[in-house]
Amino acid sequence: MNGKATETGTPKTACRTARSHIDRLVKMLQAELDKDDMREDTWPVAGSLGHVRELLGEAVGFLKGVEGSEIVNAMTSKSR
């Protein structure tokens, strides 16, 4: 292995693995959101969904190079 390789192999392998894991996580998230108990309009569900929205906003903000709160605030201001 050269000096730039890691335990995961090459950067290409590491990126492909991470992308694959992210794809799987998104599918798992959608499966959880599709469950009947997450479709109830209750305060506990609203709180859980709000928390997930904040976490996803942070992730998207990280990838875009902005604060996650900017992402969430833009979405919430458009839905008013």
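Trainee: Is Asp34 exposed, partly exposed or buried?

Mentor: Keep in mind that this is a predicted model. Asp34 counts as partly exposed, because its relative accessibility is 38%.

Trainee: And what does Asp34 form a salt bridge with?

Mentor: With Arg39; the closest N and O atoms are 3.0 Å apart. Arg39 itself has 56% relative accessibility, so Arg39 counts as exposed.

Trainee: Why would two side chains pair like that?

Mentor: Side chains of opposite charge can pair when their charged atoms come close.

Trainee: OK, how many salt bridges does the count come to?

Mentor: The count is 2. Besides the Asp34 and Arg39 pair, Glu32 and Lys35 meet through their side chains, at 3.0 Å from N to O.

Trainee: Switching topic, which residues gather in the patch of negative charge?

Mentor: Asp36, Asp37, Glu40 and Asp41, on the surface.

Trainee: Where is Asp36?

Mentor: In the loop between helix 1 (11-33) and helix 2 (43-64). Asp36 counts as exposed because its relative accessibility is 68%.

Trainee: What about Asp23, where's that one?

Mentor: Asp23 is in helix 1, and at 47% relative accessibility Asp23 counts as partly exposed.

Trainee: How far apart are Asp23 and Asp34 in space?

Mentor: 17 Å, C-alpha to C-alpha, with the two being 11 residues apart in sequence.

Notes. Residues numbered from 1 in each chain as written. Predicted model: local features only at pLDDT ≥ 70, side-chain atom pairs only at ≥ 80, totals over all residues. Heavy atoms only, no water. Patch = residues over 30% accessible without salt bridge, like charges linked within 9 Å, V, L, I, M, F, W, Y side chains within 5 Å. Areas by Shrake-Rupley, 256 points an atom, 1.4 Å probe, with all protein chains shown as cover. Salt bridge = Lys/Arg side-chain N within 4 Å of Asp/Glu carboxyl O. Lys, Arg positive; Asp, Glu negative; His and termini not counted. Charge placed at Lys NZ, Arg CZ, Asp CG, Glu CD. Helix = DSSP H or I, 4+ residues; strand = E, 2+ residues; numbered from the N terminus. Buried < 20%, exposed > 50% of the residue type's maximum accessible area, 1.4 Å probe, protein only.
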